[in-house]
Amino acid sequence: MIDEKVQELGGWRAKVFARVRELIHEADPEVVEELKWMGTPVWSHEGILCTGETYKTAVKLTFLKGAALSDPAGLFNSSLDGNARRAIDIREGDRLNEKAFKDLIRAAVVHNLSSKSPPKARGPARKRTK
C-alpha cells in the first residue's frame, strides 16, 4: 500500500519518499512498515521509529522519540520544541545526509530496544495459609 501512496504522489516528493524508504530499510532490514492513522506510513522496530507524511512543500519524517536521540548532523529541523518528537522536513531541492539519516534510524532502533522492560522474574510460588 505504501508503494501505491508513493506512485500517487508523483514528482519530487515521490522520489524523496521512495529514497527515504530505501534508506530506512538499509539501516534496519528488520523494520516493519505499515499504514496507520488515516493512511500515514509508519516504520517500527519494537516500537515506532518514525512516520512519513507528505505535504505540498515537504516530505516530513517524524521521530516519535526524537528528543531522546543524538543528532550530531543536525538533521532535525522541525518540531524542535516538543518534549518527545522531532522531525525532518525535506523540501524540494534539499539534500539529505544519507549516512546521518541511517545512523538516526539505527539510534531510534537502539533506543526502542533499550526502552523495553525486561520480563519480570517471578519469585517462588507461595503456599496459601489459612
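I took strands (E, at least two residues) and helices (H or I, at least four residues) as DSSP runs, numbered from the N terminus, and I counted two strands as paired if DSSP finds at least two bridges between them. The model is predicted, so I noted that local features need pLDDT of at least 70, side-chain atom pairs count only at pLDDT 80 or more, and totals for chains, interfaces and linings use all residues. Residues are numbered from 1 along each chain as its sequence is written, and side-chain values use heavy atoms, without hydrogens and water.

Sheet. I found an open sheet of 5 strands, antiparallel in its pairing, in the order S1-S2-S3-S4-S5. Strand S1 (32-36) and strand S5 (86-90) are its edges, each pairing on one side only. Axes here are lines fitted to C-alpha atoms, for helices over the stretch in contact, and angles run from 0 to 180 degrees between N-to-C directions.

S4 and S5. Strand S4 (residues 59-63) pairs with S5 in the antiparallel sense over 5 bridges. Phe63 is opposite Arg86 in S5.

Helix on sheet. Helix H3 (residues 98-115) packs on the sheet and touches strand S3 (48-54), S4 and S5; contact means heavy atoms within 4.5 Å. The direction of H3 makes about 135° with that of S3.

Helix pair. I saw the axes of helix H2 (residues 11-27) and H3 come within 9 Å and cross at roughly 55°. The contact includes Val20 and Leu23 of H2 and Phe101 and Ile105 of H3.
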